[in-house]
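Trainee: May we go through this structure together? I would like to begin with the aromatic rings.

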Amino acid sequence: MSSNDMKIVFSARSENEKFARMAVASFIAYLDPTVEELNEIKTAVSEAVTNCIIHGYNHDASKQVELAVSIEDTMVTIQITDEGKGIEDIELAREPLFTTMPDGERAGMGFTIMESFVDGFEVESELGKGTSVRMRRRILSSNVLFN
Amino acid sequence: MKKELNAQMSLHTTIKHYRNILIVELNGELDHHTADTVRQEMDEAIIKASVKHLIINAKQLEFMDSSGIGVILGRYKLIKAKQGKMLICNMNETIAKLLELSGIFKIIDTYENESDALSSLEVIS
């Protein structure tokens with residue numbers, strides 16, 4: 001069993017959406033993912049971090065987002081957590097096209113995209129406490145050898 | 001000022017006109033952070049009376065998430081109000097999958113490249 005993990009805490013600023021997905025991509029690069037695997041993981045990370053900034057914190061850049069990634073052999077687990085306002089109804093939030101901001105040109109596709117681009121997806125949320133999403137994706141293309 | 005902002009923002013738009021067709025090349029990464037600027041730049045061009053149709057060329061678009069879906073849907077509404085057509089060409093696999101999930105292909109046609117998209121519009125415009 002070979003394991004590796006990292007954790008980053010960063011300001012809830014939209015500039016850091018790119019930073020977060022690049023950090024994950026760099027961290028898992030040694031698993032030798034395909035371009036498509038990498039792009040799908042980056043997209044899922046971007047959705048989760050954007051949710052923290054827009055919905056969790058309502059653009060309050062003084063708040064922080066935590067990104068934790070762990071790798072067990074070829075399985076990547078990504079956990080993205082905010083201490084923001086929380087989700088009232090998770091089932092509803094996960095519905096495709098559901099949005100709390102119909103006038104804001106938000107597509108309401110964030111959770112649907114995350115679920116589609118990873119193998120395992122869980123959301124935990126408590127009103128007033130925050131939200132944490134956990135995503136797992138196996139890097140099938142990995143030719144890294146473990147012993 | 002705008003240029004500087006753009007350089008930092010890791011997304012560049014190149015806007016071209018061909019008859020009544022607006023062609024927007026997106027270069028870089030379209031996410032929540034860059035969405036507002038792209039939206040503004042495209043709207044300034046779309047609002048011109050000479051513009052009817054819109055082609056988005058995604059050849060140099062390395063990354064897009066659901067913020068990009070919002071941008072595309074918003075521009076589609078503007079073009080539809082002008083009785084025009086909106087097309088997208090040159091998407092990478094992940095962006096195509098993202099747009100497929102969102103159901104956008106029911107309202108926006110996709111083409112392999114810009115010249116195919118242009119020829120399809122020349123037939124109708």
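**Aromatic pairs and a buried threonine**

Mentor: Over all chains, the structure holds two aromatic pairs (Phe, Tyr or Trp rings, the six-membered one for Trp, with centres within 6.5 Å; planes under 30 degrees apart are stacked, over 60 edge-to-face, the rest tilted). Phe10(A) and Phe19(A) form an edge-to-face pair, 5.9 Å centre to centre with 85 degrees between the planes. This is a predicted model, in which local features need pLDDT of at least 70 and side-chain atom pairs 80 or more, while totals for chains, interfaces and linings use all residues. Residues are numbered from 1 along each chain as its sequence is written, chains are lettered from A and ligands numbered from 1 in the order written, and side-chain values use heavy atoms, leaving out hydrogens and water.

Trainee: Is Phe10(A) buried or exposed?

Mentor: Phe10(A) is buried, at 5% relative accessible area (buried is under 20%, exposed over 50%, partly exposed in between, with a 1.4 Å probe and protein chains only). Phe19(A) is partly exposed at 37%.

Trainee: Why is the pair of Phe111(A) and Phe121(A) edge-to-face?

Mentor: Their planes stand at 65 degrees, with ring centres 5.8 Å apart, so the pair is edge-to-face. Phe111(A) is buried at 8%, and Phe121(A) is buried at 13%.

Trainee: New topic: which side chain has a polar contact with that of Thr77(A)?

Mentor: The side chain of Arg136(A), at 3.3 Å (a polar contact is N or O atoms within 3.5 Å; within protein, one must be able to donate a hydrogen and the other to accept it, and residues adjacent in sequence count only if both atoms are side-chain atoms). Thr77(A) is buried, at 8%.
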